Each structure stands twice: as structure tokens, then as C-alpha cells.
Amino acid sequence: MRSSISLGRVAGVPVGLNISVVVIVVILVIGLAFGRFPIAFPGLSTAAYVLAAVVSALLFLASLLAHELAHAIVAKRHGLEVNGITLWLLGGVAELRGEPRSPGADLKIAGVGPLTSVVLGGVFALVSWGVSAVGAPPLISGMFGYLAAVNVLLAVFNLVPAAPLDGGRVLRAFLWARWHDRLRAAVAAARAGRVFGYLLIAIGFLNLVSGLSLQGFWLALIGLFLVNAATAEEQQTQIDAALHGITVGEVMSRDPVVAHPDETVAGLVDRLVLRHHLSTYPLRDDDGRFSGLVTLGRVRRVPPDDRAVTRLRKIACPPSDVPTARPGDQLTELLQRMSGCTDGRAVVLDDDGHLVGLVTPTDISRTIQTVDLRAREPYRTPRGADLAPPPPGDRTPGGPSSGGPAPSGPAPGGPAPGGPTPGGTVPPAGRRDAA
């Protein structure tokens, strides 16, 4: 779910598209232009249907973005950092760093997304009524009516009390307030998400084997995503609980073996790699400052014939991209930033910026294996996802087949069948937009 295409910043939050979002657009355009719209508004040209479908698809993506931006803005107001928003195959994801400090904040951050979708649904409904009242073509009114229904369904599906959906976050907030135990609440919400995911997989499988609708494929796909995400969330919660309170200084490898940025790759291999058998080598310049990080993976990517002339500074992960910490920082906070070009590694610097330690996956694994598991409040639980409604179903006149959506169904990754919309029926909206 990483961004492939950057859309810049909105309200100070980086926004991007994963290339898989093209699938949503294609399915929506085909389903609407050659299915729902021709059936509901016959007699128009193909170009008119295609244009209305493209506009609908783009406004639907804008609705997903608004849903995620609502999460991000409220999260920032409650002191959380927002790394960015990504729209992808099954909806949208707002990547938050940290966790709310109270059940109330948790509830506000989770609930504002569905609330935004409901408001958008109302706005689109008013626009649909307005353009109809002034005598605009029925296709235009129907297009906005479709968007109104999709946004309401999006809100409804994402309020299912199952993590990582927004409803799972709401459930966690209520259980946290009742039990005064965020770990227990987070685990319960994650397990509810896993049960709901298995239910969607079962419904999707039954639809497929019954030959009722290919919508079953999307239901099973959403269910599989929910099962995997909920399982990972529960595991991450348990790990955060175990590591909460542990500082970076307690985990780091002190006085790491370093190299100079002007040393060649061949020199590093002969002088250090073959002697120390380590996987990570920080670079330190003549002033003793940290100047990059070299891993064995980066060394191996240099052709053997070029290693004698390639300087380490050329292949190193630059300092600006390497996660850094102080010895007294919380380990759980650092773990959230240990990704990217360092392959899960971070460097530890003192107050003067001098290298004093290194944190690697081996250090973390050793800590997890030796620390006593404690049922205490974790620092962070992974943020969930907003799922979008399923794509349009069959395009035969007469509405959907039993158990499947009508041609008007929204974007991939949706809920179980049901829920009326103007001019047809679609299943309830899904994933965190799947937020």
C-alpha cells in the first residue's frame, strides 16, 4: 500500500496513489458506463455514459480522500503525526504514527471518517435533487444520486465493529473506556476483525461456488485482507505491550564497527565483512559524524567488477533517510520509523550527533525473546484501513442476481450484499474506505 504516484500535500499531509487504484477506476468506469447508467438512463450516447462514469469514479476517489483527510486532521489535533495518505486497490489508508492518549481521542479519530462520508452523501443527495429541480438531464442527477448512496454505504460498512475498520477503532475506544486497559481492548477489536473477515470469506466463497455473482471474489478478497490485517494488528499490539517502557539504550549494539564513506566496497568486504560477518556498517567521516549506512544487501547489488572503484558513500543510505534515536528514547517509538532504505535498522546518536550505537532486527528479536511479557498499555496499535464498496456487478437488465450487487456497485472491496440505492441495489460499503 505504498504510494506510487505523489499528489502533493493536502492540509499539510502527503497524499499519494498506489498503482493498484487504477483497478478501482477501470472497474467503476466499465460497470457504470456499460452497466448501471445505460440501464437506468437509456437512449444516450456511449460517450455520455463514459463521461459520466469517469466523473463518478474521480469523485468517488475524492470522497475516499476526504474520508482519510478527516482522520488525519483530527489525529494531528490530538498530537499524532501523520506520515501520509495512500489510495489503493481496496480504498484508502491514513498512516498515523503513535496512538491516541485517551478513549475519547481514539473515538473522535475513528468516528470522523464515517461522519465525513455521511456528510458527503448528504451533499451529493442535495446536488442530485438540485440539478433535477432545474431540469438537468436525468443522467447527471443519477450520477450524483449514485455518489450519495456510495458514500453512505462506505460509512456504514466501515462502522462494522471489527478492526482494522473504523468501527473496530470505535469498539476499541468503548472497550478501553470500560475496561481501562488499551491492550485488552485492542486485542478484542482485532479478534472481532478476524471473525468478520472469515465471515466475508465464507460469503464470498458461497457466492462463487453457487455461480451467483463474481461479487463473491471481492468479498473474499476483502475478508482475506481483514483477517491478515487483524492478525498482524493483534501480534503488533502484543509486541508493543511487551516492549513498552524499554529504551533504545537497553537494546542497541554499542560501539558498532564503522567504515569511512570514501572507502571502496571491495575494501569494506576485505577489511570488515569477511572478518566480522556483520550485516550493517555505519559510515563515519573524518569529524566523527555519522554520514550514511551500508548493509550487505547494498554491497551485493554492486557488480563484482565495480567494487574496487565504487565508494561506500555512493551506495549508502543517506543520513537523512536513516531513522535516528537517542539512548533514552522509547524503543516502541523508534520501531515505527524503522523502515525504508535501511531495511529495519536505525542508528543511535548522542546529543552532539556522534554515533554511539546501532539497532538492528537481530537486536529487536533478541529483546522480544528475552523480555517478560507484560499485560500493560502498549504505546501503539497499528492504524486500520478504510474499505471501499464492491465494484459493479453483472450488467444484465433486471437488477442483480441473488446474492450479488447491481450494476451500480461501488469500488472494489465491499461488504455483504444489501442496501438500497437510487436506481438499483449495492452491497454495503467496505474497507477503510477500507481507512
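The structure is a predicted model, in which local features need pLDDT of at least 70 and side-chain atom pairs count only at pLDDT 80 or more, while totals for chains, interfaces and linings use all residues. Residues are numbered from 1 along each chain as its sequence is written, and side-chain values use heavy atoms, with hydrogens and water left out. Helices (H or I, at least four residues) and strands (E, at least two) are DSSP runs, numbered from the N terminus.

We begin with strand E1, which spans residues 5-10 and contains Ser 6. Ser 6 counts as exposed, at 61% relative accessibility. In this text, buried means under 20% relative accessible area, exposed means over 50%, and partly exposed lies in between (1.4 Å probe, protein chains only). Ser 6 is in contact with Val 15 and Gly 16, leaving aside its neighbours within four places in sequence; contact means heavy atoms within 4.5 Å. A polar atom of the Ser 6 side chain lies 3.2 Å from the backbone nitrogen of Gly 8. Between the C-alpha atoms of Ser 6 and Thr 86 the distance is 9.1 Å, although these residues are 80 residues apart in sequence.

Ser 56 is buried, with a relative accessible area of 1%. Not counting residues up to four places away in sequence, Ser 56 touches Leu 32, Phe 37, Met 143 and Leu 147.

Helix H3, made of residues 103-133, includes Pro 103. This proline is partly exposed, its relative accessible area being 23%. When residues up to four places away in sequence are not counted, Pro 103 touches Ala 173, Trp 176 and Ala 177. Pro 103 and Ala 173 are 70 residues apart in sequence, yet their C-alpha atoms are 4.6 Å apart in space.

Another proline, Pro 164, is found in the loop between helix H4 (138-158) and H5. The peptide bond that joins Ala 163 and Pro 164 is cis, with omega at about 10°.

We now turn to the packing of helices. Two packed helices are described by the angle between their axes and the distance between the axes. Helix H5 (residues 166-179) and helix H6 (residues 182-210) pack at an angle of about 145°, and their axes are 8 Å apart. These axes are lines fitted to C-alpha atoms, for helices over the stretch in contact, and angles run from 0 to 180 degrees between N-to-C directions. On the H5 side, Gly 168, Leu 171, Arg 172, Leu 175, Trp 176 and Trp 179 take part; they meet Arg 182, Arg 184, Ala 185, Ala 186, Ala 188, Ala 189 and Ala 192 in H6. By class, this contact of H5 with H6 has nine nonpolar, one polar and three charged residues. Here Ala, Val, Leu, Ile, Met, Phe, Trp, Tyr, Cys and Pro count as nonpolar, Asp, Glu, Lys and Arg as charged, and the others, Gly among them, as polar.

Asp 255, in the loop between E5 and helix H9 (265-276), has a positive phi of about 50° although it is not a glycine. Asp 255 is exposed, with a relative accessible area of 69%. His 277 is found in the loop between H9 and E6, and its phi is near 55°, a positive value in a residue other than glycine. His 277 is exposed as well, with a relative accessible area of 64%.

Strand E6 (residues 280-284) contains Thr 280, which is buried at a relative accessible area of 5%. The side chain of Thr 280 has a polar contact of 2.3 Å with that of Arg 345 and another, of 3.4 Å, with that of Ser 279. A polar contact is a pair of N or O atoms within 3.5 Å; within protein, one must be able to donate a hydrogen and the other to accept it, and residues adjacent in sequence count only if both atoms are side-chain atoms.
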